[in-house]
Structure formats: C-alpha cells, structure tokens
Amino acid sequence: MPKIGISKPYVADYSWSGSAVTYSNGQILAKAAELSTTMNSSSDNNFYADNAISEADTEFSNGTGTLTVDDLLADAAKAIYGLSQTTYTGTEETQVPINHYNNEMSSPYKGLGIIIMLKNNGTVKWRGVILNKVQFTLPSEAVQTKGATINWQTTPLPFTIMRDDTAKQEWMQDGVFESEEAALAWIKSVLTPKVEE
C-alpha cells in the first residue's frame with residue numbers, strides 16, 4: 001500500500017534483565033513530519049557451488065534513522081537525551097523548564113513506535129511500527145529568519161537502531177490496523193500500556 005502520512009511518535013524507556021525486556025514511562029514525543037530509516041546488513045556471506053552463488057547469508061546488524069518532528073519540547077528532550085532539568089521562575093512565565101546539556105547527560109535506550117498512514121484502492125489503513133531498541137543522538141540545528149512569508153522549519157532527531165536483548169534479538173515489529181486509534185493502542189500495549197497522556 002502506498003504511504004500517505006505519519007503520526008503519533010511514541011517513546012518509552014527500555015530496560016532489560018537477562019533476556020527479559022521491559023518498557024516504561026511511555027509518552028507521545030511530538031508531532032511527526034517525516035521518518036527515514038536505513039537498515040544495515042552484515043557483509044554478504046556467499047556459498048558458491050557449480051561456479052555460482054548457491055546460498056547467501058546476510059543478517060541485520062544495525063540501522064540508523066531520523067525522525068523529523070514539529071518541535072521538541074523540554075520534557076521530551078529531557079527524556080530522549082537524558083538531560084538534567086531545573087526550573088526558572090520569571091516575571092512573565094510561571095515556571096519554565098531549563099534543560100542542561102553537559103558531561104552528565106546520557107542518552108538512554110528507548111522503544112520507538114510510530115504510525116504510518118497507507119492507502120490502497122481508496123481504503124485507508126494504519127501501519128503501527130515499533131523499533132524495539134533505539135538511541136537518539138543530538139541533532140544538528142539550522143534555523144532561518146522569518147521573511148515576508150513563513151518558512152516552516154522542523155526538528156530532525158537522528159537515532160541508532162539496535163537489536164533488543166531478548167533471545168531472538170528482535171529489532172522491529174509492525175502490523176496494519178483499521179484505524180489510527182487501534183494502531184496507537186497496540187503501540188501503547190507494547191511500550192507501557194499503563195501510561196496515560
């Protein structure tokens with residue numbers, strides 16, 4: 001089915017004990033504008049017989065991705081980059097969270113879910129996708145001044161995709177649902193179902 005949209009990026013803390021993986025503290029990260037991923041495979045390991053390739057073995061090794069969002073608010077940035085946070089109380093704002101980017105920050109492992117909107121023969125479906133274990137890295141930032149018309153600018157969030165720590169070392173799961181709500185419910189059922197937005 002052709003892809004026509006993307007929505008509801010959802011992240012949760014990733015933890016493991018032995019081969020048991022759990023997620024907690026799930027939250028909608030921001031509003032999604034774009035997602036791109038690249039999956040990397042190990043070098044081809046070809047078996048030759050009768051002067052030709054008879055068998056081939058390639059395995060997922062890792063991946064990279066960029067989730068582009070409308071904006072990354074303070075609490076979401078704190079969650080994906082492992083930042084410390086203080087509160088500033090000023091004259092105009094009641095309380096403003098201030099994130100601190102320093103040597104103590106440590107980007108934690110996360111589970112990442114997203115919904116991809118599909119359309120085929122006039123029917124719309126929603127594909128829920130979960131990347132089991134990712135780690136966000138700090139993005140580059142470029143901003144343009146406002147001119148005669150607004151040039152809408154977004155925030156790219158690069159991340160690394162890894163195998164999880166289960167026995168099967170899973171890195172992704174997905175399913176196609178009849179509604180966006182059903183896809184999000186499935187994502188939440190995997191990435192901390194008890195958390196309410």
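**Salt bridges and burial**

Analyst: The side chains of aspartate 174 and arginine 127 meet in a salt bridge, with N to O at 2.8 Å. This is a predicted model, in which local features need pLDDT of at least 70 and side-chain atom pairs count only at pLDDT 80 or more, while totals for chains, interfaces and linings use all residues. Residues are numbered from 1 along each chain as its sequence is written, and side-chain values use heavy atoms, with hydrogens and water left out.

User: Why is the contact of aspartate 174 and arginine 127 called a salt bridge?

Analyst: A salt bridge is a side-chain nitrogen of Lys or Arg within 4 Å of a carboxyl oxygen of Asp or Glu. The N to O value here is 2.8 Å, so the pair meets the definition. Aspartate 174 lies in strand E12 (residues 172–177) and arginine 127 in strand E10 (residues 123–136), so the pair ties together parts 47 residues apart in sequence. Helices (H or I, at least four residues) and strands (E, at least two) are DSSP runs, numbered from the N terminus.

User: What makes aspartate 174 partly exposed?

Analyst: Buried means under 20% relative accessible area, exposed means over 50%, and partly exposed is in between (1.4 Å probe, protein chains only). Aspartate 174 has 41% relative accessibility, so it counts as partly exposed.

User: How many salt bridges are there in the whole structure?

Analyst: A search of the whole structure finds four. One of them joins the side chains of lysine 110 and aspartate 13 at 2.3 Å, N to O. That pair links distant parts of the chain, with lysine 110 in strand E9 (residues 110–120) and aspartate 13 in strand E1 (residues 3–17), 97 residues apart.

User: Are lysine 110 and aspartate 13 buried or partly exposed?

Analyst: Lysine 110 has a relative accessible area of 3%, so it is buried. Aspartate 13, at 23%, counts as partly exposed.

User: What joins the side chains of lysine 125 and glutamate 178?

Analyst: A polar contact of 2.6 Å joins them. The term means a pair of N or O atoms within 3.5 Å; within protein, one must be able to donate a hydrogen and the other to accept it, and residues adjacent in sequence count only if both atoms are side-chain atoms.

User: Which residues of helix H1 are buried?

Analyst: In H1 (residues 74–81) they are Ala76, Ala77, Ala79, Ile80 and Tyr81. Their cover includes E1, strand E2 (20–28), strand E8 (96–100), E9, E10 and E11. Overall, the protein has two helices and 12 strands, and 30% of its 197 residues count as buried.

Technical notes. Contact = heavy atoms within 4.5 Å.
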